[in-house]
Amino acid sequence: MRLLSLLVLAAVIVFACGAQPQVSWTVEFDTQHYRIQARLPREKADELGNFMELVFKVYSALMNIKEAPTNKFPLQIYSDNKDYLTVGKAPPGSGAYYLPSEKRLVGFYDPKSMYSFFANE
């Protein structure tokens, strides 16, 4: 079972590190710390953008970060799980993922689960 888990994790990492698919974004805007691209109405993207600003504030306080980064963090939000998997080419079984090479956070809109997925990444 442990070997299977490691193989799945390796596959997810390899898959997530691939090239970013060409995507048509419905809205693109900036918050104080994030560059948001979303495939959903602005009001819904604002929900997650506001939440991520709160996450940034809490994590910065916990980690004693005194100076904000100079670049905004890319945040990409797909309209739902199906859009995230088919258009976004996301790893199956994930709710969100972080791509360290691009410092990009990617996930999908779901009012019940998105907050824990995005805060975890």
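## Gly95

At 7% relative accessibility, Gly95 is classed as buried, because the cut-off for a buried residue is under 20% relative accessible area. The model in which this value was computed is a predicted one. Gly95 belongs to the loop that connects α3 (81-86) with β4 (96-99).

Apart from neighbours within four places in sequence, the residues in contact with Gly95 are Tyr84, Gly107, Phe108 and Phe117. Of these, Gly107 is a residue of β5 and stands opposite Ile77. The C-alpha atom of Gly95 is separated by 9.7 Å from that of Glu121, a residue 26 positions away along the chain.

## Chain overview

The chain contains four helices and five strands. Read from the N terminus, the order of these elements is α-β-β-α-β-α-β-β-α.

Of the 121 residues in the chain, 37% are buried. The accessible surface amounts to about 7600 Å², and carbon and sulfur atoms account for 59% of that surface. When contacts between residues at least 6 apart in sequence are considered, 55% of them join residues at least 24 apart.

## Strand pairing

Strand β3 (residues 73-78) pairs with strand β2 (residues 34-38) through five bridges, and the two run parallel. Within this pairing, Ala38 is placed opposite Ile77 of β3.

Strand β3 also pairs with strand β5, which spans residues 104-108; this pairing is parallel too and has four bridges. Here Ile77 faces Gly107 of β5.

## Gln37

Gln37 is located in strand β2. Is this residue, Gln37, buried or exposed? Gln37 is buried, because its relative accessible area is 17% and the limit for burial is under 20%.

The side chain of Gln37 makes a polar contact with the side chain of Glu28, at 3.3 Å. Glu28 is also among the residues that Gln37 touches once those up to four places away in sequence are set aside; the others are Trp25, Val27, Leu75, Gln76 and Ile77.

Note on methods. Residues numbered from 1 in each chain as written. Predicted model: local features only at pLDDT ≥ 70, side-chain atom pairs only at ≥ 80, totals over all residues. Heavy atoms only, no water. Pairing = 2+ DSSP bridges. Buried < 20%, exposed > 50% of the residue type's maximum accessible area, 1.4 Å probe, protein only. Contact = heavy atoms within 4.5 Å. Areas by Shrake-Rupley, 256 points an atom, 1.4 Å probe, with all protein chains shown as cover. Polar contact = N/O pair within 3.5 Å; in protein donor to acceptor, adjacent residues only side chain to side chain.
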